[in-house]
Amino acid sequence: MNFGRAVIWVADSFYLCRTHFYYLPECLPELQAKKILMVKEHTRSWAEPFKIKMVELLKMTTPAQRAKAIKEAGYNTFLLRSEDVYIDLLTDSGTSAMSDAQWSGLMRGDEAYAGSKNFYHLDAVAKKYYGFKYIIPTHQGRGAENLLSQVMIKKGDVIPGNMYFTTTRLHQELAGGRFVDVIIDEAHDPESLHPFKGDIDIEKLASLVKKHGADKIPYVCVATTVNMAGGQPVSMSNLMALRAFTAKHGIKVMLDMTRIAENAWFIQQREKGYSRRSVASLVKEICSYTDGATFSGKKDALVNIGGFLALNDKDKFEEASNLVVVYEGLHTYGGLAGRDMEAMAIGIVESVQDDHMDARIGQVLYLGSELAERGIPIVRPIGGHGIFVDAKKFLPHLKQTEFPAQVLAAELYEDAGIRAMERGIVSAGRNAKTGDHYYPKLELVRLTIPRRVYTQAHMDVIAESVERVHERREKIRGLEMVYEPRYLRFFQARFKKK
Ligand code: F0G
C-alpha cells in the first residue's frame, strides 16, 4: 500500500470512492485535528477477488405490492417474506455467498453422531488462526453466549463491555448478571471521527472495579468491530491496555470475536505500526490478549450457520463441554451438521485473506461515500459491516418514542424493496426493573452488506433509494407499537402508522 501517493481530502463530506479510502495511520492525529476524513489512493479499485459462478434470481415488485407487504409485516422488516425483498440488507449474518471450496466441503460432511472428521478440521483451523486452546462448536453465536454466561456468571455479577449486543446482554442477564457499558463516549456520538470508537474506556472500567470489587466482575466482554456502535473497531493498543489492567485485578477478558477479521483490517489501515501486518496475524494477536471467545461463524466466516465457544481454561472448558450436550448437542458437533463445520473451517481461512477483506470493506466504504455525498446523515467513520444511517437526524421531527429508525427502515422497503434493520429504541428493549424503554443515544438504521453477494450497481440503487426517501423525509409520520413480545422485541414487534 503506497500511502505516499494518496490524495487527502480536507472537507466536511466524503468524495467519490471509486478507489479505496484509507486513514493514513502515521499522521492520524494530525489528520484528525484538521478534520480530514479520508484519504484517496491512486492505485486500484476495491474490486472483488472472485468471479460469479451461480446466481439467484430475484422477484421485482411494484410500489403497491411493497406497501401491502410492509403493512402486513406490521412495519417490521423482520416480518417481511424474503421473496418480497429486492436487496436484502437486514443483516450480514448467515447471508454470505459461499465459495466453490466451501460448497465442495459440504459434500465432505461426515455426519457421524460422535467424532466427525469435520469437527477435527474445524478444531485445528480455529486453533491455528485464533490461537485458543479449546473449541466447542455451537449452532451459532448465541449458543456460545449461553454456555459462556452459564459457566462464568453468578447471580449479582457485573459484566462490563464495549457497548451491549442484544443476545449477548440477554444471556448475561438470564445468567443473573448485569451488563454495564464501558465503551468510550465517542462511540455514542455518530459524528465523532475517532478511528477506534470500539475502545474500552479504562477509566470507566477502573471506577466500576472500585465500586463493585473485582470478585463481582467475572470478565470483561470485549467485542471486535462493535456492531451497535456502527461496526466500529477496537484498537490493538486498547486491547493491550485492557489486558494489563484486568491482569492486575485478576479479571478475565472474553472476546465477542464475531467480526474479528474486519476489526483486524481496520487496525492494519489505521493504527500506527500495523500497516505491514497481515489481517491473519492481527486476528491472532487480538485473540492473544483474551482468555476465550464467543464466535458467530455466520459473519466473518462466510457460512450460513455455525459458531463456537473458545476457552483457554481447562476446567471451564470441561464445564462448558458438559453443558453443550444439554443445549446444543454432543461437544463434537454442537448443533451443527458435519458439513456445516467443514464449510466453517474453510470459511475461516478465506475470511482472513487480505484481498478478501480489502474488497469486503471496500464495498461498504463505497456505499458509505455515495450516501455521504448525497448528504445522508450516517455514522462516521464508516464501519466494517454496513452503513448506519442516523435516523434521529434523518427524521428530526419524530420523537424517539415514535420509532424513527423503525419508520425509516419501513420507508426504504416501500421505496425500492431494500430491507434494512432498526438499531435504536426498539432493539434496545426495556429496563427489566423500571419497565421503561431504554433510550439509546444512537437511533440508527443499519444497511448491512452481506459478504460476496451484491454488486456495485446494487450499491448505486441503494444510494439512490435512500436519497429519494431523504427528499420526502418531512412527510414521513411516526409509528405506534401495537404488539410487543417479551424477549428481543425488535424481531417480532408489530407497529401501525400514526
Ligand atoms: N455478537 C454480535 C456482535 C453479533 O452481531 C451477533 C449477531 C451475535 C453476537 C450473535 O450471533 O446471530 O450467530 O447468534 N448478530 C446478527 C446481526 C444477528 O444481524 O447483527 P448469532
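**Before starting.** I kept in mind that this is a predicted model.

**Entry 1: cysteines.** How many disulfides does the structure hold? I found zero. I looked at C221, which is in no disulfide, and the nearest cysteine sulfur, that of C287, is 14 Å away. I then turned to C287, also in no disulfide, with the sulfur of C221 as its nearest cysteine sulfur at 14 Å.

Entry 2: I followed C287 into helix α10, which spans residues 279–288. Which residues of α10 are buried? I noted V279, L282, V283, E285, I286 and C287. I was pleased to see a charged residue, E285, in that list. Next I asked what the buried residues of α10 pack against. My list reads α4 (117–130), α8 (236–249), β9 (252–256), α9 (260–270) and α13 (354–373).

**Entry 3: an open sheet.** I traced three strands that form an open sheet, in the order β12-β15-β14, with antiparallel pairing. The edges are β12 (386–390) and β14 (421–423), each of which pairs on one side only. Neighbouring strands here are turned by 30° against each other on average, direction ignored. I went along the pairing of β12 with β15 (residues 444–448) and found five bridges between these antiparallel strands. Which residue of β15 stands opposite G386? I read off T448. I then looked for what packs on the sheet and found helix α15 (residues 404–416), touching β12, β14 and β15. The direction of α15 makes about 40° with that of β15.

Entry 4: I moved to β6 (residues 158–161) and looked at where its side chains go. V158 and P160 point one way, I159 and G161 the other way, and all are buried. I reminded myself that side chains in a regular strand alternate between the two faces of the sheet. I also looked up the partner of β6: strand β7 (residues 178–181) pairs with β6 in the parallel sense, over four bridges. At one of these positions, G161 has D181 in β7 as its bridge partner.

**Entry 5: aromatic rings.** I counted 11 aromatic pairs. I described each pair I looked at by the distance of the centres and the angle of the planes. For F78 and F490 the centres are 5.8 Å apart and the planes stand at 55°, so I wrote the pair down as tilted. F78 is in the loop between α2 (63–72) and β4 (87–88), and F490 is in the loop between β16 (479–483) and β17 (494–497), so the two are distant in the chain, 412 residues apart. F490 is buried, with a relative accessible area of 3%. Next came F78 with F491, which form an edge-to-face pair at 4.9 Å centre to centre and 80° between the planes. F491 is in the loop between β16 and β17, so this pair ties F78 to a part of the chain 413 residues away in sequence. Is F491 buried or partly exposed? At 25% relative accessibility, F491 counts as partly exposed.

**Entry 6: charges over rings.** I came back to F490 and found R423 lying over its face, at 4.7 Å from the ring centre. I also found the charged end of R169 over the ring of Y164, 4.1 Å from its centre.

Entry 7: I found a cis peptide bond from R380 to P381, with omega near -10°. P381 lies in the loop between α13 and β12. I then noted T225, not a glycine, with a positive phi near 25°. T225 lies in the loop between β8 (219–223) and α8 and counts as buried at 1% relative accessibility. L488 is not a glycine either, yet has a positive phi of about 40°. I placed L488 in the loop between β16 and β17, and at 23% relative accessibility L488 counts as partly exposed.

Conventions. Residues numbered from 1 in each chain as written. Predicted model: local features only at pLDDT ≥ 70, side-chain atom pairs only at ≥ 80, totals over all residues. Heavy atoms only, no water. Disulfide = S-S within 2.5 Å. Pairing = 2+ DSSP bridges. Axes fitted to C-alpha atoms, helices over the stretch in contact; angles between N-to-C directions. Contact = heavy atoms within 4.5 Å. Phe/Tyr/Trp six-rings, centres within 6.5 Å; stacked < 30°, edge-to-face > 60°. Buried < 20%, exposed > 50% of the residue type's maximum accessible area, 1.4 Å probe, protein only. Lys NZ or Arg CZ within 6 Å of the ring centre and 35° of its normal.
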